[in-house]
Amino acid sequence: MENFTYCTPTRYVFGRGAELKAGEEAADIGMKKVLVVYGGGSAVRSGLLKKVTDSLIEAGIAVTELGGVQPNPVDTLVYEGIDICRREGIDSLVAVGGGSVIDTAKAIALGVPYEGDFWDFFAGKLPATVALPIGVVLTIPAAGSEGSGNSVITKTDGMRKISLRTETALRPKWALLNPELTFTLPPFQTACGIADMMAHIMERYFSTTPDVEITDRVAEGVLKAIIEEAPKVMADPCNYQARANIMWSGTLAHNGICGTGRREDWTSHGMEHEISALYGVAHGAGLAVVFPAWMSYMADHQPEKIAQYGRRVFGVESHSDSVAAHEAVDCLKGFFSSLGLPITFAELGVPDPDIATLVKKLHENKGEAIGGYRTLKAADTEEIYRRAL
Ligand code: NZQ
Ligand code: ZN
């Protein structure tokens, strides 16, 4: 096990009615003038936005709203949000939505106290250490942004989708998680969220660091719980207990607990971000296509951990690592398909992907050699994209 520092300072309030605590939680940490950020309308239609703003106003907090965040969020709304915050003297943000909304709020929070262009942080020009405080009301368990220190934004100029990872600066101060808020999710979005949270665990699980039994077992446990609960939410979207288990899994998948003490991989995420930047697909759907392709490449070249995953998570019995690893890939593909997710580019709605551009942008954005489990160069990532055809 490697040395590590694990800090997850977010305060989670979980359960029915959690969203009604927004005012209390905000007031407790001194939020006074809040920008409430939301998406394309689901939070308005369900009445959630009004409940949250009412709660804030009742707690004596001034509220300004900024809606219209689109999935795979772009920089333009971030600039708009930064302008609003500066003009109105906003001191904090509340995101009502999923990863796209939360990440937009985080980028705004980072940009307001910084005199230069907020993109400087995403371009890696300087470390992100100071941001306005953020609260979250989560409506989709998926990206895990409610507990992560990350924000993923696409720069419209060049469609560069970049993930900024901070230790603590971008972790929300509080996150309100009511599983009932996820009853209205379309089945496809539910499934995409499940693929994404599984991917967050697997990016951490596929590691060459030895002697991380505790972290392996935590990761396997969360994965097995997701695999057991997922069919229940797909069959009955209003099954509170199953929704609750999936919601908390999504947070644990990405708040760092499944990655302590080891080197992580993150190739599949890098490869997927290029797909969703270029084709606008849902992040989880892109992962359902690219992650099994990455695993199949590893089953040929470095099967040990893929085989362990197959045996411990899906109960694969083969003795040979190579065979077990390929069986693990089949199990994962079968599971994703059972949720109605695509597992090939064609099923994703991209029958003829521009692989040369995907590979070029991937290595421009992430470096010539990428990956923690096995180092990959352009010829390798091209082969992985091809395996997903
Ligand atoms: O915009 P509205 O109308 O709210 O609709 C959204 C959106 O169309 C809808 N939705 C959300 N909650 C709903 C609902 N519809 C009905 N009922 C509800 N309760 O779902 C759609 C997808 O929302 P989005 O926020 O885009 O989903 P997700 O949470 O999957 O976020 C995806 C984004 O997060 C990034 C992804 O790359 C992508 O840009 N990620 C962020 C990470 C992070 N910050 O740590 C890590 C992830 O790996 C990921 O890269
Ligand atoms: Zn993800």
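Visitor: Which residues form a nonpolar patch on the surface, and what is their accessible area together?
Guide: Happy to start there, with the reminder that this is a predicted model. The patch on the surface is made of Met1, Phe4, Tyr6 and Ile214. Together these nonpolar residues have an accessible area of about 400 Å².

Visitor: Is Ile214 buried or exposed, and why?
Guide: Ile214 lies in helix H8, which covers residues 213-235. The cut-off for exposed is over 50% relative accessible area. Because Ile214 has 53% relative accessibility, it counts as exposed.

Visitor: Where does Arg171 lie, and what is the nearest side chain of opposite charge?
Guide: Look at the loop between strand S7 (160-165) and strand S8 (174-177), where Arg171 lies. Arg171 is buried yet has no salt bridge, and a salt bridge would need a distance within 4 Å. At 5.8 Å away, the nearest side chain of opposite charge is Glu167.

Visitor: Which backbone oxygen does the side chain of Arg171 reach?
Guide: Leaving aside neighbours within four places in sequence, Arg171 is in contact with several residues, including Thr8, Pro9, Gly147 and Asn255. Cys7 is also one of these contacts. At 3.3 Å, the side chain of Arg171 reaches the backbone oxygen of Cys7.

Visitor: What do the buried residues of H12 pack against?
Guide: Helix H12 spans residues 304-314, and its buried residues include Lys305, Ile306, Tyr309 and Val313. After the helix comes Gly315, with a positive phi near 70°. The packing partners of the buried H12 residues are helix H7 (187-205), H8, helix H11 (283-301) and helix H13 (321-338).

How values were computed: Residues are numbered from 1 along each chain as its sequence is written. Chains are lettered from A and ligands numbered from 1 in the order in which they are written. This is a predicted model: local features need pLDDT of at least 70, side-chain atom pairs count only at pLDDT 80 or more; totals for chains, interfaces and linings use all residues. Side-chain values use heavy atoms; hydrogens and water are left out. Patches are made of residues with over 30% relative accessible area and no salt bridge: like charges are joined within 9 Å, nonpolar side chains (Val, Leu, Ile, Met, Phe, Trp, Tyr) within 5 Å. Accessible areas come from the Shrake-Rupley method with a 1.4 Å probe; for residues, only the protein chains shown count as cover. Helices (H or I, at least four residues) and strands (E, at least two) are DSSP runs, numbered from the N terminus. Buried means under 20% relative accessible area, exposed over 50%, partly exposed in between (1.4 Å probe, protein chains only). Lys and Arg count as positive and Asp and Glu as negative; His and the chain ends are not counted. A polar contact is a pair of N or O atoms within 3.5 Å; within protein, one must be able to donate a hydrogen and the other to accept it, and residues adjacent in sequence count only if both atoms are side-chain atoms. Contact means heavy atoms within 4.5 Å.
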